[in-house]
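Here is a set of questions and answers for a reader who is meeting this structure for the first time. Please keep the sequence and the 3D view at hand while reading.

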Amino acid sequence: MAILQNLEELRAGLPAIEIVAYLDLRSGTVLGKAAALDEPQERLDALSELASDILGGASGETDEAVLMRSTVAFVLRRAPGAPAEALCLVCAPDVD
């Protein structure tokens, strides 16, 4: 429960964040999420795949990345001490 509460607090703290997802890069699953709207499972699966591709999977060497598009920004961060897990933030493109 604490993970979900932490995700929701992070999302609520910055209005530009649309989705916060905690991902298992090894299995490609979403371990928890907080979202402004109900997100379809397909979109969450796509976030997990994107994070795995950009961070290099469960054993990749990249710990963080930012992907900017004209309509959305993705902020990816591998969990310290748990390299197979990552946080993915889906934000408005003008997020700080």
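Q: What does contact mean when residues of the chain are counted as touching?
A: The term rests on a distance between atoms, and hydrogens are left out of side-chain values. Contact means that heavy atoms lie within 4.5 Å.

Q: What share of the contacts with a separation of 6 or more joins residues 24 or more positions apart?
A: The model is predicted, and its contacts are computed from the atoms of that model. Among contacts in the protein chain with a separation of 6 or more, those between residues 24 or more positions apart account for 45%.

Q: In what order do the elements of the protein chain run from the N terminus on?
A: The protein chain has 2 helices and 5 strands. Read from the N terminus on, these elements follow the pattern α-β-β-α-β-β-β.

Q: Why can the protein chain be called as compact as a globular protein of its length?
A: The globule rule gives 12 Å for 96 residues, and the radius of gyration of the protein chain is close to that value, so the chain is as compact as a globular protein of that length. The C-alpha atoms fill a box of roughly 35 × 30 × 25 Å along the principal axes. The radius of gyration itself is 12 Å.

Q: Which strands stand at the edges of the sheet?
A: The open sheet has 5 strands with antiparallel pairing, in the order β2-β1-β5-β4-β3. A strand at the edge has a single partner strand, so one side of it is left without a neighbour in the sheet. From one strand to the next, the twist averages 15°. The edge strands are β2 (29-35) and β3 (64-68).

Q: Which residue in β5 is the bridge partner of Ala21?
A: Strand β1 (residues 17-24) pairs with strand β5 (residues 82-91) in the antiparallel sense over 7 bridges. Asp24 stands opposite Glu85 in β5, while the bridge partner of Ala21 in β5 is Cys88.

Q: Which residue takes a positive phi in the hairpin of β1 and β2?
A: β1 and β2 pair in the antiparallel sense over 6 bridges, and Val20 stands opposite Ala34 in β2. The hairpin has 4 residues between the strands. The residue with a positive phi, near 75°, is Gly28.

Q: How many of the 8 residues of β1 are buried?
A: A residue counts as buried when its relative accessible area is under 20%. Over the 96 residues of the protein chain, buried residues make up 38%. β1 is mostly covered, and its count of buried residues is 7.

Q: Which element gives the most residues to the largest nonpolar core?
A: The largest nonpolar core has 17 residues, and those with the most contacts inside it are Ile19, Leu47, Leu55, Phe74, Cys88 and Val90. At least two residues of this core come from each of β1, α2, β4 and β5. With 5 residues, the element that gives the most is α2.

Note on methods: Residues are numbered from 1 along each chain as its sequence is written. This is a predicted model: local features need pLDDT of at least 70, side-chain atom pairs count only at pLDDT 80 or more; totals for chains, interfaces and linings use all residues. Two strands pair if DSSP finds at least two bridges between them. Axes are lines fitted to C-alpha atoms, for helices over the stretch in contact, and angles run from 0 to 180 degrees between N-to-C directions. Buried means under 20% relative accessible area, exposed over 50%, partly exposed in between (1.4 Å probe, protein chains only). The radius of gyration is taken over C-alpha atoms; the globule rule is 2.2 Å times the number of residues to the power 0.38. A nonpolar core is a set of buried Ala, Val, Leu, Ile, Met, Phe, Trp, Tyr and Cys residues joined through side-chain atoms within 4.5 Å.
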